[in-house]
Amino acid sequence: MAIRSDPHPPEFIPLFPCPCEDSVEDLKPQTALEDTVLVEFQRDPSIELMGSPCAGTNPRKRGRTDDEPLSSEFRSERVKRRSPSTVSAYTTSESYSSLFSKLRYILPGDGDVFIDFCHRSVVFIDKTPCILELPDKFRYIILRPPKFGKTTFLSTLFEYYDVEAADEFQECFQSLAVFSQAIAHRSRHLCLSFRLPIVETMGKLGDVEEDLDFTATNILTCFLLKYAKELKISDPDSFLGQSADKFGLVFDLVQASGYTLFVEVDDYDAPIINRTFDHLESGSRGPDVDEIKSLLDRIFWRPLLAGCHVIDKLFIMGIFPVTYEALKDVSFSDPREVPSFPTFCGFTEDEAFDLARSVLKEPDLHEMRRRCGKFSFPFHDGVAEPVLHPRQVIDQILETQHHCVKPPSLVSRMFAILPLHSDNAQEASLDGLIELVGAGVVYCDLEFSSSSMFDSGGVTWRDLYYAGALTYDRQSKVLRLNNSAILELIHSSVDSIVLERHGLHKFSNTWYICNLHETLQPVVEAVSTILQDLVQSSFGRKHEPNLPGALELLIGNYKSSFHKGVPKILFPPSDGRVQVPAYPRRTPYPRAPEFPTHTHIWELKTLTLRGMWLGANPNDDSPTLQALEELYEDLLGLAEEELLRRPYTARSPADGAMETVEVGSFLDDDPVVPQFLSVGGRILLRVPFVEPELEPEWEEEKDGYGFDPYLLNHIAEDSESDEDL
């Protein structure tokens with residue numbers, strides 16, 4: 001890591017921190033780490049909130065008439081900034097000014113892009129080496145989850161290639177890795193930036209077409225204003241007029257100038273996403289998705305692609321694979337000729353850890369792995385290094401400093417419209433989310449699954465993958481739940497269902513009873529209620545529920561007494577041991593603190609029903625549904641001694657070979673920590689031997705009633721006077 005004087009982080013997902021005064025010192029960098037760039041710059045307080053040249057604001061939304069043109073002053077004000085975001089992140093509010101005066105190094109703000117980083121101290125990861133791998137001409141469609149660095153990367157390319165930014169190139173890039181080798185590639189194109197979320201899709205199809213036409217006209221006019229000198233036009237404001245082929249006029253000018261274009265289209269799928277959610281959430285009337293696609297093909301994509309003779313570089317970014325007819329020849333796969341593409345958005349684990357160490361004194365790297373997960377993109381040929389979600393990395397850093405962060409809004413909207421149950425295996429449901437938590441994975445072959453909410457009428461598992469809720473294991477062909485941020489959203493969606501379905505109300509005081517009487521049997525009963533139901537619903541499926549998943553559904557339930565202060569335990573370390581918060585020993589229920597202050601360590605192991613079948617039937621690896629049901633009932637009725645002698649077959653963790661051992665071999669005779677072993681849905685428990693403590697003697701009062709001195713001490717501590725006793 002280096003401290004540099006140039007503040008232009010090209011790759012970072014912004015979420016503006018609002019640190020409290022007590023944590024300012026903790027945000028100062030402690031050590032110098034490789035590859036992370038710290039930048040020192042002063043913010044100019046005179047910079048106001050300002051739109052960008054691509055914002056394309058509809059005048060009807062700004063209180064103007066339909067035929068009133070944009071004023072040249074308005075357009076000129078907007079083209080002062082080349083950022084492709086709709087608004088700048090700057091503000092002159094007192095709170096932000098106060099923040100800048102207190103912090104030396106801060107994280108980028110929400111909505112920041114490359115050019116925005118010039119005016120304050122920012123810590124960031126330098127991703128510019130990827131630019132040098134790009135070919136001279138290309139057409140790419142790149143898909144990444146929301147808040148994954150797409151817009152930031154596009155804005156970096158915009159500044160890098162923009163001929164108008166040549167005079168500022170050294171100031172912007174001199175501290176970045178790309179600077180020393182950039183002479184032949186930089187500042188050579190006229191840059192045209194589109195962003196589609198601004199398109200309205202709620203009205204009639206004619207209204208949508210009018211909005212699209214206005215947006216395109218506004219963006220192209222701003223482009224002409226900015227490059228009037230290079231294009232040799234004297235009146236860019238009125239050049240396009242009422243022409244029906246505005247794109248063609250612009251491309252002819254570019255060809256005559258001798259320049260070529262770098263074109264970026266950000267959020268290319270946003271109009272389709274907006275229309276789909278409008279329909280699924282409220283059943284609103286309006287053009288259907290196919291009509292919106294055809295309209296975009298006709299008035300945007302085909303006119304844009306007709307300029308390929310002057311477009312050297314076309315970069316299209318989005319979340320979901322939307323099949324526009326005009327883009328059928330453009331692949332959604334990451335380009336093979338650019339090896340670093342899988343990591344150009346997102347942070348490698350080393351980059352995330354370097355970032356955390358530069359901001360926090362003692363970052364919890366294990367918690368970062370658990371919260372941020374790892375994402376890999378299966379449509380890239382070859383094996384790529386997984387990356388962590390940048391937004392979640394920043395969230396983890398901010399939460400360490402006790403800041404509030406926002407949940408992923410797109411995933412929240414998708415969960416909100418899920419049905420309780422679906423007979424279609426490709427469609428997600430609330431029951432499916434419960435089973436996902438129980439097993440940790442759900443089967444889905446992404447390379448052969450094409451169903452999506454845009455054509456099926458419901459959210460699919462494939463959609464959740466593209467939205468960043470799940471990661472894909474290409475070898476096992478499963479979608480995996482691997483970060484606690486999404487797990488929290490799942491809890492908010494399914495906890496009330498789990499509570500009612502399994503009757504968890506009767507276990508409302510279980511956690512306090514366990515601590516007061518030092519017994520884990522009530523926990524076993526509560527978890528068994530959930531686990532056995534999940535096992536029965538999984539008969540015939542490739543993946544069975546496990547003990548960590550069932551325990552997560554119990555103690556992570558925000559409607560239960562377990563929830564307070566309990567972290568997510570669905571992702572235990574390799575030794576299977578989890579830390580579970582606990583209350584002080586013998587704390588009476590009415591006097592228990594609001595949050596646990598102690599910790600239990602439990603060891604969780606799961607033996608699947610299929611493994612028990614293979615142990616008893618080594619030559620039959622395809623049990624019928626009825627056979628599994630009979631085996632399940634048999635295991636529940638067995639005496640524990642007999643169950644411990646049953647054979648179990650699974651792959652050896654040492655060499656991966658299949659081996660058969662007795663169930664009892666998974667439990668220790670004298671365990672160091674409590675051991676929970678699930679055998680096909682039945683839970684066995686082993687606890688360490690503890691010398692019994694002498695119970696406190698009871699004191700006899702004059703009236704004959706006995707008092708526990710332990711309880712008396714608690715009461716006395718909170719009493720204001722002896723009279724209260």
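Which residues are buried in α21? Let me go through them. This is a predicted model, by the way. In α21 the buried residues are L547, P548, G549, A550, L551, E552, L553, L554 and I555.

N546 caps it. A side-chain oxygen of N546 sits 2.7 Å from the backbone nitrogen of G549.

Next, the strands. Start with β7, residues 311-318. It is mostly covered, with 8 of its 8 residues buried. Which strands pair with β7? One is β4, residues 138-143. That pairing is parallel and runs over 6 bridges. Within it, R139 stands opposite L314 of β7. Another partner is β6, residues 261-266. β6 and β7 are also parallel, over 5 bridges. Here L261 has I311 in β7 as its bridge partner.

Last stop, a charged residue. D463 belongs to helix α17, residues 461-466. Is D463 buried or exposed? Buried, and without a salt bridge. What is the nearest side chain of opposite charge? That is R462, 5.0 Å away. The salt-bridge cut-off is 4 Å.

So what does D463 touch? Leaving out residues up to four places away in sequence, the contacts are F320, M414, S452, M453 and G458.

To recap. Strand β7 pairs in parallel with β4 and with β6. D463 is buried with no salt bridge.

Methods
Residues are numbered from 1 along each chain as its sequence is written. This is a predicted model: local features need pLDDT of at least 70, side-chain atom pairs count only at pLDDT 80 or more; totals for chains, interfaces and linings use all residues. Side-chain values use heavy atoms; hydrogens and water are left out. Buried means under 20% relative accessible area, exposed over 50%, partly exposed in between (1.4 Å probe, protein chains only). Helices (H or I, at least four residues) and strands (E, at least two) are DSSP runs, numbered from the N terminus. A polar contact is a pair of N or O atoms within 3.5 Å; within protein, one must be able to donate a hydrogen and the other to accept it, and residues adjacent in sequence count only if both atoms are side-chain atoms. Two strands pair if DSSP finds at least two bridges between them. Lys and Arg count as positive and Asp and Glu as negative; His and the chain ends are not counted. Contact means heavy atoms within 4.5 Å.
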